[in-house]
Amino acid sequence: MAALTALRFVRRWFLLLLIGPLLGGLAGYAVIRQVPPMFEATVTLLVGQGMVTNSSGTDQLLGADQLAQTYAEAVRTRPVLTEAANQLNLPLSMRDLLDRVHARRVANTQLLRISAEQTDPSVAAALANTVAQVFVSKNQQVQTARFASSRDGLGQLVGGLQNDVAAKAHQLDELTAQPASPERDSDITLLQTQLSQLESMHAETLRSYQDLQVVEARGMNTLTVIEPAVAPEDPIRPNRALVAFLAVIAGLLVATGVAAAAEYVDDVLRDRQRVALATGLATFGLVPRAESGTSLRDPATRRLAESYRLLRSNILASVPDQAQLRTLLIASPAMGEGKSTTAANLAIVLAESGRRVILVDADMHRPTQMKLFSVPGRPGFSTLLLDPNVSASDVIRPTWLPNLSVLPAGPTPADPSALLSSRRCDELLNQLHELCDLVVVDTPPLLAQPDAALLGTRTDGVLLVVDASRSRGRQAGRAIEMLRESGAVVLGAVLNRIPRKAMEYPAYDSYYVSKPDAVFAAD
Ligand SMILES: Nc1ncnc2c1ncn2[C@@H]1O[C@H](COP(=O)(O)OP(=O)(O)OP(=O)(O)O)[C@@H](O)[C@H]1O
Ligand SMILES: [Mg+2]
C-alpha cells in the first residue's frame with residue numbers, strides 16, 4: 001500500500017521530481033565554478049625531547065608526544081606566522097594566516113605536521129616550509145636562551161681564573177729570575193702554593209663549564225624536518241563531484257517537499273486512499289469520466305456499464321442481508337458531483353439484475369431524472385408528499401426497462417425540507433417499498449441543503465458520490481459528519497469522473513470485470 005502510494009506520488013509529480021534535481025545540480029555546478037580551487041601542502045617534523053633527569057624511557061616518549069602537541073599549538077602564533085609571511089612577501093593578515101596554516105600532531109607519535117592552504121600549489125608548499133623553518137629556528141633560540149646566563153657566568157669565571165693563573169705564573173717567573181736570597185725563596189714557595197690553588201680552581205670551573213655544555217646539548221628539545229612540503233597536484237577544495245551530488249540531492253528534497261506541500265494543500269479526492277483518509281469510507285466503485293454526449297443506451301459505454309455493475313456488486317456485498325437493503329440514498333457533499341447520474345445508472349443495473357427498482361428524484365431544487373429518462377416531471381415526489389390522497393402507483397413512470405420505474409421530483413415546493421421530515425414522507429417510502437424490491441433516492445447536495453441528511457435517517461444505507469477531479473477531502477469529511485449526526489448509515493463511496501488516463505493505472509482498474517452491454521447517462 002505504502003509502495004503504491006509512493007509510486008502514485010512519483011507518477012503524479014514525475015516532471016517536478018526530475019526538474020528539481022536537475023536544476024539543483026546545475027545551480028550547484030554554476031556556484032562551484034566560481035569558487036577557486038584550494039591547494040594544501042604539508043611539512044612533517046620530528047619532535048625530539050631533551051633528556052630529562054630521573055625519567056624512564058617510557059615517560060620520556062610520552063613527554064615527547066605531549067611536547068609535539070604543545071608545538072602544534074605554538075606553531076600558529078603571531079611571531080611565527082607573520083615572520084613566515086614576511087619572508088615570502090605574502091600580504092596575508094593574521095586572520096588569513098590562522099585560516100590557512102594548520103598544525104597537528106600525529107596521534108601517538110612524535111610527528112608534527114604543518115599544513116598551508118593557498119590557491120597556488122607552489123606558494124602553499126613554500127608557506128608550509130617557511131613556517132616550519134621559522135618555527136624550528138625560533139625554538140632553537142628559546143632553547144639556547146634557557147642556558148645562556150649560567151653558561152655565560154661560568155665562561156667569565158673560567159676566563160678570569162685563566163688570567164689569574166697566567167698572572168701568577170708570570171710573577172713566579174720574574175721572582176725566579178732574581179738573585180737567590182732566603183726572602184726570595186720563601187716568596188717563591190708562597191707564589192707556587194697560590195698558583196697551584198688557582199690552577200686547581202680553574203680546572204674545576206672549566207670542568208663545570210664543560211659539564212654545563214653537555215647538559216645544555218642533551219637537554220635541548222629538537223625539531224627536525226623529516227619531510228619537506230612539495231607543491232600538491234590536486235586541490236583539496238572544492239570537491240566538485242561531491243558538491244554537485246549534494247546539490248542534486250538538495251534539488252530532489254526541495255522538489256519532494258514542494259510536491260508534498262502541494263498534495264497537502266490540494267486535498268482533491270483523487271483516489272480511494274484519499275477517500276478513505278478523508279471520510280473513513282471504502283470506495284465501492286470507480287466511474288470513469290465519460291465522453292460528452294454519451295447517451296443512456298449507447299453501446300459504446302461498455303466500460304461505464306462495467307463500472308456501475310461492479311458498484312452494484314460491492315454495495316450489495318457490503319450489507320449482511322441484501323433483502324434488508326430496501327432504500328438506498330445517493331448523496332454527495334457538493335453540487336454536480338454526479339449524484340443523479342450515479343442514481344440513474346445504479347437503478348438501471350439493479351433493475352437489470354432482476355430487482356424491481358423505483359428511482360425517486362428527491363432533489364426538488366434541481367430535478368434531473370425526468371430529463372434523463374424522458375418522462376414528464378410532474379406530478380411527482382412533491383405531489384405525493386403534499387397530497388396524501390394521491391397514490392404512488394399513479395405517479396411513478398415506467399421506463400424502457402421492465403423492472404425500473406421513475407418517480408420524478410414534481411413541482412418545487414416552498415419548503416422541501418419540511419416535507420421530507422414529515423410523517424407523510426415515511427408513509428410514502430413504505431408505500432414505495434410495497435411496489436418494488438429497492439428504492440433508489442437521488443438527493444440535493446449535502447452541504448447546500450438539509451434534505452439528504454433528513455432522508456438519510458429514513459433509508460437503509462447511503463452511498464456518497466465524490467468527483468475525483470474536484471471533490472475536496474475537507475468537504476467530504478463534513479458531509480460524512482452531517483450524515484452520521486443524523487443517524488444515517490453510510491455504506492461507502494463512489495469515485496466519479498476518474499480521468500481516463502488514471503483508469504488505465506492498475507491500482508484503479510484491477511477490479512474491473514469485462515461484461516457486455518452498456519448503460520449510462522451523461523449529456
Ligand atoms: N462519470 C461522468 N463522466 C462525465 N460526465 C459526468 C459523469 N458523471 C456525471 N457527469 C455529468 O456531470 C453533470 C452533473 O452530473 P449530475 O447531474 O449527475 O450531478 P449531480 O450531483 O446530480 O448535480 P446536482 O448537485 O446539480 O444535483 C451532468 O452533466 C452529468 O452528465
Ligand atoms: Mg442531481
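## Close-up views of a predicted model

**View 1. Four strands make up an open sheet, in the order β2-β3-β1-β4.** From one strand to the next, the twist averages 30°.

**View 2. Strands β1 and β3 run antiparallel and are joined by eight bridges.** Here we step inside the sheet. To find the pair, look for residues 39–48, which form β1, and residues 111–118, which form β3. One residue pair to pick out is F39 and its bridge partner in β3, Q118.

**View 3. K168 is a buried lysine without a salt bridge.** Follow helix α6, which covers residues 121–177, until you reach K168. Which side chain of opposite charge is nearest to K168? That side chain is D164, and it lies 8.0 Å away. A salt bridge would need a nitrogen of the lysine side chain within 4 Å of a carboxyl oxygen, and K168 has none. Leaving aside residues up to four places away in sequence, K168 touches L191, Q194, L195 and L198.

View 4. You will find P238 in the loop between β4 and α8 (240–265). P379 sits in the loop between α12 (369–372) and α13 (381–386).

**View 5. N89 and N108 have positive phi values.** Most residues other than glycine have a negative phi. For N89, phi is near 55°. N89 belongs to the loop between α4 (78–87) and α5 (94–100). Is N89 buried or exposed? Its relative accessibility is 68%, so N89 counts as exposed. For N108, phi is near 60°, and this residue is found in the loop between β2 and β3. N108 counts as exposed too, because its relative accessibility is 71% and the cut-off for exposed is over 50%.

Definitions and conventions: Residues numbered from 1 in each chain as written. Chains lettered and ligands numbered in written order. Predicted model: local features only at pLDDT ≥ 70, side-chain atom pairs only at ≥ 80, totals over all residues. Heavy atoms only, no water. Helix = DSSP H or I, 4+ residues; strand = E, 2+ residues; numbered from the N terminus. Buried < 20%, exposed > 50% of the residue type's maximum accessible area, 1.4 Å probe, protein only. Lys, Arg positive; Asp, Glu negative; His and termini not counted. Contact = heavy atoms within 4.5 Å. Pairing = 2+ DSSP bridges. Axes fitted to C-alpha atoms, helices over the stretch in contact; angles between N-to-C directions.
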